[in-house]
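Please look through the sequence and the three-dimensional structure below before reading on.

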Amino acid sequence: MNDSSYGSAAVEGAFDSGPLLLGVRHHGPGSARAVRAALDAARPAVVLVEGPPEADALIPLAADEGMRPPVALLAHAVDEPGRSAFWPLAEFSPEWVAIRWALEHGIPARFIDLPATHTLAWGREEETPAGADDEGEAGADAEAAGTGAPAPAALPDVRVDPLAVLAETAGYDDPERWWEDVVEHRGPGPRDAFAPFVALEEAMAALRETYGVGGHDRDLVREAYMRLQLRAAQREFGDATAVVCGAWHVPALRRKAAVSADRALLKGLPKAKVDMTWVPWTHRRLARLSGYGAGIDSPGWYGHLFGAPDRPVERWLTKVAGLLREEDRIVSSAHVIEAVRLAETLAAMRGRPLPGLTETTDAVRAVMCDGSDVPLALVHDRLVVGDVLGEVPETAPAVPLQRDLTLAQRRLRLKPEALERDLELDLRKETDAGRSRLLHRLRLLGIAWGEPAESRGSTGTFRETWRLRWEPELSVRVAEAGVWGTTVVAAATARAEADATAAQSLADVTALAERCLLAELPDALPVVMRTLADRAALDTDVGRLAEALPALVRSLRYGDVRGTDTGALAEVAAGLAERVFVGLPPACTALDADAAEEMRGHVDEVHGAVGLLGEAATVGHGDLRTRWRSVLGTLSRRGTVPGVIRGRAVRLLLDEGELAQDEAARLMGLVLSPGTAPADGAAWIEGFVGGGSGGGMLLVHDERLLGLVDAWLTGVPAEAFTDVLPLLRRTFSAYEPGVRRTLGELVRRGPGQRGSAPQGRGPGLPGFDPGPDTGRADAVLPVLRLLLGLDAEEDRTADRTADKNTDKTADKTAAKTDDKTDDNGLVGVGT
Amino acid sequence: MSVSVETTTEEAAAAAATGEATGGTGGTGAAEALRPHAEDAFAAELAALAAQDDRPRPARWKLSPWAVATYLLGGALPDGTVITPKYVGPRRIVEVAVTTLATDRALLLLGVPGTAKTWVSEHLAAAVSGDSTLLVQGTAGTPEEAIRYGWNYAQLLAHGPSRDALVPSPVMRAMAEGMTARVEELTRIPADVQDTLITILSEKTLPIPELGQEAQAVRGFNLIATANDRDRGVNDLSSALRRRFNTVVLPLPESPDAEVEIVSRRVDQIGRSLDLPAAPDGIDEIRRVVTVFRELRDGVTADGRTKLKSPSGTLSTAEAISVVTNGLALAAHFGDGVLRPGDIAAGILGAVVRDPAADRVIWQEYLETVVRERDGWKDFYRACREVSA
C-alpha cells in the first residue's frame with residue numbers, strides 16, 4: 001500500500017504515540033469537522049471506524065452517486081428479519097465523514113466494532129417474548145450494547161453518564177450543551193488539528209479511571225474486539241492508522257492489553273447469521289422523538305452547522321426567515337439583523353462562545369414570531385429537525401422487508417403473479433385469514449398487490465374477495481416501505497401509526513382504525529385510538545362525531561368476528577358517544593329544513609350505534625343507553641329543536657318503551673295543537689312517523705295517534721295547507737301500499753272504534769262487500785296459527801283482510817284527505 | 001373643550017413630575033405610600049447588587065445585565081445578601097427581556113391578564129434605570145401628548161413657543177435622561193397614537209416641529225411596553241411598530257404545584273384583608289380549581305391522556321384566585337365556613353362559560369368525560385351538575 005509515502009510526508013508527529021485515535025461524539029457536526037481536519041493533516045494509511053465489520057463490503061457504496069445521507073446500515077438476522085439493528089449515519093456524522101474521506105483518498109476503511117453476528121445474537125438471548133415482530137426492542141438493544149449509535153450523553157443511565165459528570169464539573173446543567181460549547185462549537189484551530197482530540201482523550205481517561213466501564217459491561221467485549229482489529233491493522237499498515245470511535249472508547253483503545261486476554265473475552269460469544277444493507281434514513285428518525293432515535297434533537301441544525309461554510313448563526317437565521325416568509329409571515333432583513341444581535345447578546349449573557357440552538361431559537365421567538373410558539377413549532381419541524389430523506393443506490397442489497405414478504409408468500413402459498421386473478425377467501429380458514437391479513441397489511445403500506453373486490457354471491461362477514469396482480473414496480477414499493485420496518489407486520493404497524501398522526505379528519509382516523517383491525521395490527525391500535533380520541537375531543541362538529549360513531553361501532557363488531565381485543569376501541573367509542581350526547585342538543589337548534597333533516601339522520605345513526613354499543617363492553621361509562629334516552633328526552637321537549645328531530649326523538653323513545661303511549665300522545669297533541677305553526681307540526685309528524693321507520697304501522701295500531709293527526713290535519717287552515725302538503729306527501733308516500741290502504745280505510749271509517757275494527761261497518765270500497773267474508777277469512781286461520789305458533793287474536797283477521805287489498809291500485813296519501821267520507825270531519829278540507 | 005382637557009393632562013403630568021422629584025430626593029412618600037415603587041421597596045437589594053456588580057454595564061445602566069437578571073430571578077450574592085425572586089418563571093424569559101433592553105431594541109411583554117407583565121416591567125425599569133415611574137398608562141383615551149409632549153398654555157400664551165413652554169411626556173424625559181420608559185397596555189392605545197412611537201423607537205429622536213427642533217435620545221434610553229394578548233385586535237400594533245419590539249410572552253405558571261401555591265398565597269392575603277375567617281380544609285378545593293383551570297386552558301387533562309376543548313375565557317391564575325376568594329366568602333357567610341365543592345362550582349362555571357353557546361358545551365363535555373369518572377370528584381361533579389342544569 002502507499003502508506004509510507006502518505007503518512008510520513010504529511011505530518012510530523014501525528015502517529016508518534018501510536019495510532020491516531022479520534023474520539024468523537026456520534027452525530028456531532030463539530031466532531032465531524034475536526035475529524036476531517038485531523039485526517040487531512042495526518043494522512044493515515046487506513047481509517048478504522050466504529051461499526052459492524054460485516055458492513056465492510058458495503059463501504060464502497062458510500063461513494064456511489066445514488067447514495068445520499070442520512071442513511072443507515074441495517075443488520076438483520078437472516079432467518080428472522082424482525083431481529084435487526086440500525087447504525088444511522090448523517091452527512092454530519094464523523095463516521096460518515098471518515099468513510100467518505102477514505103474513499104476519496106483511495107484509502108481502505110474498515111469497521112472495527114464487534115460484529116453484528118454477536119450483537120444481534122445477544123439480543124436474542126435476552127429476549128423472551130415473541131421476538132420476530134419486536135424490532136423496536138432489538139434495535140434499542142443494539143444501540144445500547146452493540147453500536148453506541150446514540151450520543152454518549154444519551155446512553156442509558158445505567159450507573160454513570162460520563163459526559164454529565166464532565167459537564168457538571170464545568171458548571172453546566174445540560175451535558176449536551178457542555179459538549180456543544182466545548183467541542184462542537186470550536187472549529188478546529190488552525191494550529192493543531194489534533195489538540196481537541198488529545199484534550200478529550202485526557203478527560204475521558206480521567207473519567208474512566210474513576211468510573212471504569214460505567215455500567216456498560218459489554219463495552220469491555222466490544223473494546224477488546226476493537227483492540228484486536230486495531231492491532232491487526234497496525235500490523236498491516238504500520239502506525240499510520242486512524243481510528244474514529246466514540247470518545248468514551250478512546251482510553252480503552254489506547255490501553256495496552258494482552259492479546260490473549262482480549263481473545264479470552266471474545267470466546268464463546270453467541271452467533272446469529274446476519275445480513276447487512278444500506279437503507280435510506282430520515283432526519284425525523286435521527287431525532288430523539290421517533291422510534292430508532294439516534295439521540296439527537298436537532299439533526300437539521302447539526303446539518304446546518306456542518307454544511308455552513310462560515311457565519312452559521314447569520315445563515316441559520318436567514319434560513320428561518322426564508323421559511324417564515326414562505327408561510328406568509330412578514331419577516332424582513334431587519335428582523336434577521338435584530339435576531340442575530342439578540343442571539344449574540346444572549347450568548348454573551350449566558351457565557352457561551354457562540355449562539356447555540358437555544359439562543360437562536362429564543363431570538364427567533366422574540367423577534368420574528370412575536371413571542372408566539374406556533375410559528376416556532378414550524379421552524380422546529382421543518383428546519384431544526386428537517387425533512388431530509390436519504391437515498392440509497394439500487395445496487396444495495398435487498399431490504400429484509402422483501403425477504404419477510406417472500407417468506408410470507410411461500411408460507412401462505414400466494415405467488416406473486418403479473419396476471420390478474422380473483423381470490424376468494426374464507427376467513428374461517430387459517431390460511432385464508434392469513435392471506436387476508438397479509439393483503440390488508442400490504443395495502444396499508446401502499447403496496448397495492450391486491451384490491452378488495454365485491455364478493456360474488458355470499459355477503460357473509462367471513463368472506464372476502466381480492467383482485468390480485470403483481471406489477472414489477474411493486475418491488476420498488478417494497479423497497480421504499482423498507483424504511484418503515486423489517487417485517488410486513490412491523491412496517492404496517494409503523495406506517496399505520498404515522499398515518500394516524502398525520503390524518504386530517506376524524507373520518508380518516510376511523511377508517512384507519514377499521515383497516516388496522518382488518519389487517520390485525522393490535523400494536524398500532526393504541527396510537528390510532530389515541531389519535532381518534534384526540535380528534536374527537538377537539539372536533540366541534542357533532543355531525544362529524546355522529547358520522548364517526550357508527551363506523552367505529554362497526555369496527556367493534558368486526559373485531560368481535562375476528563376475535564381481536566377491542567377493549568380500547570370500545571372505550572373510545574363510548575367516549576365518542578358521550579361527546580355526541582353532550583353536543584347534540586345545542587347542535588340541534590337554529591337549523592334550517594335541510595340541516596334538520598341531516599341531523600335527524602345523525603340521530604338515527606347514533607341511536608343504532610348506541611344500541612349496539614350498549615351491548616359491547618362499556619366499562620366505566622355506565623349505561624350509555626340510559627343516558628342516550630335522557631338526551632332524546634331533552635331533544636323531544638326543547639322547543640328550539642326542529643320539529644322533525646323532536647318527532648324523531650319521541651318516536652325513538654316510544655319504540656324503546658321509555659315513553660308510554662299516553663305520553664307520546666300528549667306530546668303529539670301538544671305539537672299538533674293550534675299554537676304550533678302548521679309547518680312545524682308537519683315536520684314533527686314527518687319525524688315521528690315518516691321515512692322507512694314503520695311509522696305507518698304505528699298509526700294503524702294506535703288509532704289515538706292517528707286521530708290526533710287526523711284532527712290536526714283537518715284543522716290546518718287552507719292557506720297553510722299547501723305549505724305542509726309536500727311534507728305530508730313525503731311522509732306518507734313512503735309507506736307500503738298496504739299500510740296506506742289501511743290508513744285510508746281507518747280514516748274513512750272514522751275515529752274511536754279501535755278494537756271493534758273488524759266489525760266496523762264502513763261503506764266499503766266499490767265492488768267489495770262492506771264486511772269481510774268470515775267464511776273465507778276463517779279458512780286462513782289454521783295456516784296463520786301455524787305460522788305464528790299461537791292462537792291468533794280475533795282482530796288480526798281484520799288486518800289480513802285489509803292486506804288482501806294490497807294488489808289494488810295504491811292510494812296516494814293526499815287522496816285520502818279528498819276521500820268522500822261522510823262520517824267524519826274531513827269534508828271540505830281539501831279545497 | 002379639548003384645550004381644557006389638554007391642560008389637565010399637562011398639569012397632572014407636571015404634578016407627577018414634581019411629586020416624583022420630591023419622592024426621589026427626599027424619600028418622604030415611600031414609607032407612607034400604600035404601594036411603594038419597586039426601586040424604593042427593594043432599595044437595599046439594588047444597592048447590594050450595584051456594590052458587588054463588577055461586570056460591564058451598558059451606558060447609564062445602574063446594573064449590569066447579569067445583575068439585572070439576578071435581581072429579577074433571585075439568588076445569593078457573594079457577600080451573603082439574599083436577593084428575593086421577583087419573578088417566578090422560566091429563566092429564559094428574563095434573560096431574553098434583559099438582553100433585549102441591552103441591545104437597544106424595545107421590549108414588548110405579552111401575556112394574559114394576571115401573568116405579572118406590569119410587575120416584570122416595573123422591576124426591569126427599576127433595576128436598569130433605578131426609576132420605574134416614567135410610565136404612560138395606555139387607555140382608549142390616551143392622547144398623543146402622553147407619549148410626545150404637551151404645552152403649558154399659560155407659558156405658551158405669555159412667551160410664545162419655546163422649550164420652557166413645552167411639557168415633556170415620560171417618554172420624552174426618558175429619552176433626555178437615558179432612562180427606561182414604560183408604556184402599559186399598549187394595545188389599548190388608539191392606533192394613530194401608538195404610531196408616534198415608531199420614530200422614537202427607530203430614529204431614537206422626537207421631532208418638535210413647533211420649535212423647529214428635535215429631542216434626541218441619549219444612550220441608555222429604552223422602552224418597555226406591556227400588552228394583553230387576549231386583547232389582540234382591539235388596537236393591534238401596526239407591523240411597522242411591531243417590528244421595533246422584541247416580543248416576550250409571559251406564560252402562565254408551569255407546574256400545577258406552583259400555581260396552587262400562588263393561588264393559595266394570594267387567597268390567603270386577600271381573605272385576611274377582607275376579614276374572612278380562615279377555611280381549614282381549603283387546599284383541596286384550591287387544588288381542584290387550579291386543576292380544572294389548567295386542564296381547560298391547556299386543552300389536555302393533567303395526566304396528559306385526554307384532549308379537551310378550550311373555552312373562550314382566559315382562565316388565568318388571577319381568575320382562579322377570584323373564584324376561590326368568592327367561594328371562601330360564600331362558605332363564610334352562607335355555608336359552614338368550610339370551602340366545599342358547592343361554593344366554588346358556581347364561580348368556576350362563571351369563569352369557564354363566557355360564551356353561552358360554545359363554552360357551555362365545552363364545559364358539559366368536560367364534566368361528563370373527565371370530572372364524572374375522576375376519583376374523589378363525585379361531590380364536585382354533583383355540585384357542578386346542579387349549577388349547570
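**A walk through the two chains**

Chain A, in this predicted model, has a secondary structure that comes to 37 helices and 10 strands. Of its 831 residues, 48% count as buried, and among the contacts in chain A with a separation of 6 or more, 74% are made by residues 24 or more positions apart. Chain B, for its part, comes to 18 helices and 11 strands; it has 389 residues, of which buried residues make up 44%. For contacts in chain B between residues at least 6 apart in sequence, 69% join residues at least 24 apart.

We can now turn to the interior. In soluble globular proteins, nonpolar side chains tend to be buried together. The largest nonpolar core here has 321 residues, and those with the most contacts inside it are A:V47, A:A98, A:V528, A:L549 and A:A573. Helix α25 of chain A, which covers residues 567-587, gives the most to this core, with 12 residues. Taking A:L549 as an example, and leaving aside its neighbours within four places in sequence, one finds it in contact with A:A573, A:L576, A:A577, A:V580, A:E605, A:V606 and A:A609.

The next topic is how helices pack. Two packed helices are described by the angle between their axes and the distance between the axes. In chain A, the axes of helix α28 (residues 643-656) and helix α30 (residues 678-689) come within 6 Å and cross at roughly 40 degrees, and this crossing is right-handed. The residues of α28(A) that meet α30(A) include A:G643, A:G647 and A:V650, while among those they meet in α30(A) are A:A683, A:W684 and A:F688. By class, this contact of α28(A) with α30(A) has 7 nonpolar, 4 polar and 5 charged residues.

From α5(B), the residues B:P65, B:V68, B:A69, B:L72 and B:L73 meet B:R91, B:V94, B:E95, B:V98, B:T99 and B:A102 in α6(B). Sorted by class, the contact of these two helices has 8 nonpolar, 1 polar and 2 charged residues.

Helix α16 of chain B, residues 341-352, has 12 residues and reaches 16 Å from its first C-alpha to its last, close to the 16 Å expected at 1.5 Å a residue. Buried residues in α16(B) are B:P341, B:D343, B:I344, B:A345, B:G347, B:I348, B:A351 and B:V352, and what covers them includes α14 (282-298), α15 (317-334), α17 and α18 (378-388) of chain B.

Where the two chains touch, the contact takes 30 residues from chain B and 28 residues from chain A. On the side of chain B that touches chain A, the elements that give two or more residues are α5 (65-73), α6 (91-102), α12 (239-242), β11 (245-249) and α17 (358-371) of chain B. By class, this side of chain B has 10 nonpolar, 9 polar and 11 charged residues.

Finally, several places in the loops deserve a look. In chain B, the loop between α7 (117-129) and β4 (135-137) holds B:D131, which counts as buried because it has 22 C-beta neighbours inside 10 Å. The C-alpha atoms of B:D131 and B:E39 are separated by 6.4 Å, although these residues are 92 residues apart along the chain. Leaving aside neighbours within four places in sequence, B:D131 is in contact with B:E39, B:A125 and B:M179.

In chain A, a cis peptide bond with omega of about 5 degrees joins A:P69 and A:P70, and A:P70 is found in the loop between β2 (46-49) and β3 (71-77). A:D328 is a residue other than glycine with a positive phi, near 70 degrees, and its place is the loop between α14 (312-326) and α15 (333-349) of chain A. Phi of A:E520, likewise not a glycine, is positive as well, near 50 degrees, in the loop between α22 (506-518) and α23 (525-538) of chain A. Which of these residues is buried and which is exposed? A:D328 is exposed because 7 other C-beta atoms lie within 10 Å, whereas A:E520 is buried because 21 other C-beta atoms lie within 10 Å.

How values were computed: Residues are numbered from 1 along each chain as its sequence is written. Chains are lettered from A and ligands numbered from 1 in the order in which they are written. This is a predicted model: local features need pLDDT of at least 70, side-chain atom pairs count only at pLDDT 80 or more; totals for chains, interfaces and linings use all residues. Two residues are in contact if their C-beta atoms, placed from the backbone, lie within 7 Å. Helices (H or I, at least four residues) and strands (E, at least two) are DSSP runs, numbered from the N terminus. Ala, Val, Leu, Ile, Met, Phe, Trp, Tyr, Cys and Pro count as nonpolar, Asp, Glu, Lys and Arg as charged, and the others, Gly among them, as polar. A residue is buried if 20 or more other C-beta atoms lie within 10 Å of its own, exposed if 12 or fewer, and partly exposed in between; C-beta atoms are placed from the backbone. The expected span of a helix is 1.5 Å times one less than its number of residues. A nonpolar core is a set of buried Ala, Val, Leu, Ile, Met, Phe, Trp, Tyr and Cys residues joined through C-beta atoms within 7 Å. Axes are lines fitted to C-alpha atoms, for helices over the stretch in contact, and angles run from 0 to 180 degrees between N-to-C directions. A crossing is left-handed if the near helix is turned anticlockwise from the far one by less than a right angle, and right-handed if clockwise.
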